[in-house]
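The structure comes first, and the points follow by topic.

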Amino acid sequence: MTGWQGQLIKIDDYRWQIPQSYKLGMKVPGLIYASEAMLKSIREEQTLEQVANVAFLPGIVGYSFAMPDIHWGYGFPIGGVAAMDIENGVISPGGVGYDINCGVRLLRTNLHEAEVRPKIKQLINELFVNVPSGLGSEGKIKVSRKEMEQLMVEGARWAVRHGLGSEEDLDVTEGGGCIKGANPGKISDKAVKRGMPQAGTLGSGNHFLEVQVVKEIFEPNIASVMGITEIGQVLVLIHTGSRGFGHQVCTDHLRVMEEAASRYGIKLPDRQLACAPIGSQEGKDYLAAMACAANYAWNNRQCIAHWARESFSKVFGKNPEELGMRQVYDVCHNIAKIEEHTIGGRQLKLCVHRKGATRAFPAGHKGVPERYKETGQPVLIPGDMGRCSFIAVGTQKAMEETFGSTCHGAGRALSRGAAKRSLRGRDVMRELEERGITIKAGSIPSLAEEASQAYKDVTQVIDIVHEAGISKKVAMAVPLGVIKG
Amino acid sequence: MKITCYQARKMDKAFKIIDHTADVGVIAFGADVKQLFSNAALALFSLITDTESIAEKLQRDLKINSDGRDNLLVEWLNELIYLFDAEQTLFNRFEIESLSHKQLKATCYGEKFDPSRHKIKTGVKAATYHMLKVDKNNDGYMAQVIFDV
C-alpha cells in the first residue's frame, strides 16, 4: 500500500490543514498538529485519510483534529478529536474506541530514587503479585452481578466505598471518576460476564504500571502544586482501561449503530465510523452504556492504585500516608464527553470524542479540581517503557483551538508484527535491565511489541503540543521499574 | 502492509498473520466458505496461544445469526473471543455444520484454559470491521480480519 498522497496546507511549523475540498462530503477541514519531520512518517499510512473521513460525520464543528501522536486506527484515527453539536450531531462508538476510558493515573511519593533503587526488584515483584493482570488469572476482587451493576454506576467511588482509596483520590480524577447517566440496563449479558472476572485487573497489550523517577522539572511552581518538588522523586504511573468489558460494549453498540446509521440516512465513508444522532434512542443507549464502561475503568485504576500503595507500604515498612502516596491526577484518553464550549462567541453543548487524546482544560475552568484551579488540569502523557513520560497542564489555547484537548502518548511507529520480527522480547528485557530498568511481564515475547523502537519519541510529541500552546510541559520522568500483564 | 506467511497445522496455507499498526490481522483461506470460517477461527486462537497445546476435552455448539456473510464472520469470531474471555475456553477444531449468509451452526472442540499448559501470546479483545474483506478467487475463498488486541 502506498502512503497518503493528499494535500496538506501548512499553517505554521506545528499546524497543517487538510482542506475541506479534499473530499466531497467533508463538513469541516482537518487540522493536524505535527512537525514536518513527523508528517513524513504519518503519511506512510492511511491515517490522514481517516482524519478526512471523520470530517464527514453529521454535526461536526470546527475541525477533525489529529494530535502529533496520531496513528492508524479503525475508522477514527488514534490521536483524533472530533466535537459534535448535540443538537444535530452524532455519537460514534468508533470515536471512543474499543477500550472505553483507557486512561492514566499518576501517584507521587515522598521517596527518592536513592531509597527505591536498591529495593526495586523486590518492589516490582511485590507489585507484580499484588496487581492482577487478569490475563489467564482471576482478579482479586470478586464481584457479584449486583455489585457489578453498582460498580458500573458509581465508578471509582465503588472502590473507595470498599476501602480501596480515599475521597481525595476522587477529587483529583477526571469528572470525579464517574460519568453520570450510566445505565446497566443498556449492557449486554455478555459484557457483564466478560467484565465480572476482570474487575480490578491491569490487562495486557500496552497497559502497564510503572515506577518512575522525576528527571526534569520545567515549571517548578505548577509541579509543586502536584506535589512534585525535586529531581529524583519517585512517582507511580498506571495505564489501563475497561478490559474485555469495554470491548464488548463497543462491539455490541457498533452493530446497533451500523444498522441505525443507514436508517437515519447517514452516509459513511468507512463502516467503523458507524454512529447515530446523539439524541436518538441508539445514541442515548450508547452513551448510557459507554458511561458504565468508563466507570468500570475508573474503578480499575482506583483498585490498582490502592494495591500499588499497599505494595510500597510492605516493601518500605511505612503506611501510604507516611510515604506521601497522594494521587496527582487521573485522565481518560478514549472517551466522548458532553461539554460546553464557546465557538465564535456562542456557547454550544458539544459531544467531544477523544480517541487517543486527552482533555486539557485551562486554569479557572469549572471542570478543573480545586487543587488545580490556578495551574490548569494535569495532563499525563505516558511514553514507552524505555524512554520517558511527561506531565503537562491544559491551557486556554487548547480551550479555544481543540475543544480543550491534547495528545495522549507516544503513538506507535512500528506495527506489533514488525517489532516482533526485528526484536526479541528477551533482548528488550536485557537491554532495559542494563539501563537500570527492572521489568516483569506476563509474556516475555510480547515485550518486543512494546519496546522503545516500536514507538515514536514521546519527547517530539510533547514538544509539538507545547510549542503549539495546547498544553504546557511541567515535568518529565523516566522509568525505574515496569510491570506488564 | 507487509505480510508474513504462517503455516498452521500442516495444512497448506490455512491462514496468514498480517500486520496492522497498533493491532494484528489475519488472512484465512478455504476451499469453501465453511473451511474459510473454520480457518479464520483457528487463526484467531493461534494469535491467543499455541493451538497445538489445546486438547479436545469439551465441545460447544454455537449458533450465530447475522445480516450478511461478512458480518457473520465478525460475529462468529467475536463469539469465540467472548467465550475465551468470559469462560476461559480455548478451541482448536471447528466443525461448521451449516452456513448461510445469515446463520452459522458449528461445533467447537477444545478445553478450559490451564495456565500450567497454555501460554497466552496475545490478549485478543475484538474482531473489527476495519479492512474486513471476504473474496473468492480461482483457488477458493479468503477473508481478511483485523483484531483489536
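Arg271(A) lies in the loop of chain A between α10 (243-263) and β10 (276-277); helices (H or I, at least four residues) and strands (E, at least two) are DSSP runs, numbered from the N terminus. This is a predicted model, in which local features need pLDDT of at least 70 and side-chain atom pairs count only at pLDDT 80 or more, while totals for chains, interfaces and linings use all residues. Residues are numbered from 1 along each chain as its sequence is written, and chains are lettered from A and ligands numbered from 1 in the order in which they are written.

- Arg271(A) is partly exposed because 19 other C-beta atoms lie within 10 Å; a residue is buried with 20 or more other C-beta atoms within 10 Å of its own, exposed with 12 or fewer, and partly exposed in between, with C-beta atoms placed from the backbone.
- Not counting residues up to four places away in sequence, Arg271(A) touches Glu258(A) and Tyr129(B); contact means that the C-beta atoms of two residues, placed from the backbone, lie within 7 Å.
- Arg271(A) and Val256(A) are 15 residues apart along the chain, and their C-alpha atoms are separated by 12 Å.
- Leu268(A) also has its place in the loop between α10 and β10 of chain A.
- Leu268(A) has 21 other C-beta atoms within 10 Å and is therefore buried.
- With neighbours within four places in sequence left aside, the contacts of Leu268(A) are Phe56(A), Ala261(A), Leu273(A) and Ala274(A).
- From Leu268(A) to Phe128(A), C-alpha to C-alpha, the separation is 44 Å in space and 140 residues in sequence.

**Sheet in chain A**

- An open sheet of 7 strands in chain A has the order β1-β2-β3-β4-β5-β13-β12, with mixed pairing; two strands pair if DSSP finds at least two bridges between them.
- β1 (9-12) and β12 (334-343) of chain A stand at the edges with a single partner strand each, so one side of each has no neighbour in the sheet.
- From one strand to the next the twist averages 25°; axes are lines fitted to C-alpha atoms, for helices over the stretch in contact, and angles run from 0 to 180 degrees between N-to-C directions.
- β1(A) and β2 (residues 15-18) of chain A run antiparallel and are joined by 3 bridges, and Ile9(A) stands opposite Gln17(A) in β2(A).
- Helix α2 (residues 47-54) of chain A packs on this sheet, where it touches β2, β3 (30-33), β4 (60-71) and β5 (78-85) of chain A, and its direction makes about 160° with that of β4(A).

**Helices in chain A**

- Helix α4 (residues 120-130) and helix α11 (residues 281-316) of chain A pack with their axes 9 Å apart, at an angle of about 140°.
- α4(A) is therefore oblique to α11(A); angles under 35 degrees count as roughly parallel, over 145 as roughly antiparallel, 65 to 115 as roughly perpendicular and the rest as oblique.
- Residues of α4(A) that meet α11(A) include Leu123(A) and Leu127(A), and those on the α11(A) side include Trp307(A) and Val315(A).
- The axes of helix α5 (residues 145-154) of chain A and α11(A) cross at roughly 95° and come within 6 Å, which means that α5(A) is roughly perpendicular to α11(A).
- Leu151(A), Met152(A), Val153(A) and Glu154(A) of α5(A) meet Cys292(A), Asn295(A), Tyr296(A) and Asn299(A) of α11(A).
- Among the buried residues of helix α15 (residues 458-468) of chain A are Val461(A), Ile464(A) and His466(A).
- Just after α15(A), Gly469(A) has a positive phi of about 85°.

**Sheet in chain B**

- In chain B, 3 strands form an open sheet in the order β4-β6-β5 with antiparallel pairing.
- β4 (58-65) and β5 (89-99) of chain B are the edge strands, each pairing on one side only.
- β5(B) pairs with strand β6 (residues 103-112) of chain B over 9 bridges in the antiparallel sense, and Ser98(B) stands opposite Lys105(B) in β6(B).
- Helix α1 (residues 33-48) of chain B packs on the sheet and touches β5 and β6 of chain B, with its direction at about 170° to that of β5(B).

**Interface of chains A and B**

- 32 residues of chain A are in contact with 26 residues of chain B.
- On the side of chain B that touches chain A, β2 (15-20) and α2 (69-87) of chain B each supply at least two residues, and α2(B) gives the largest share, 4 residues.
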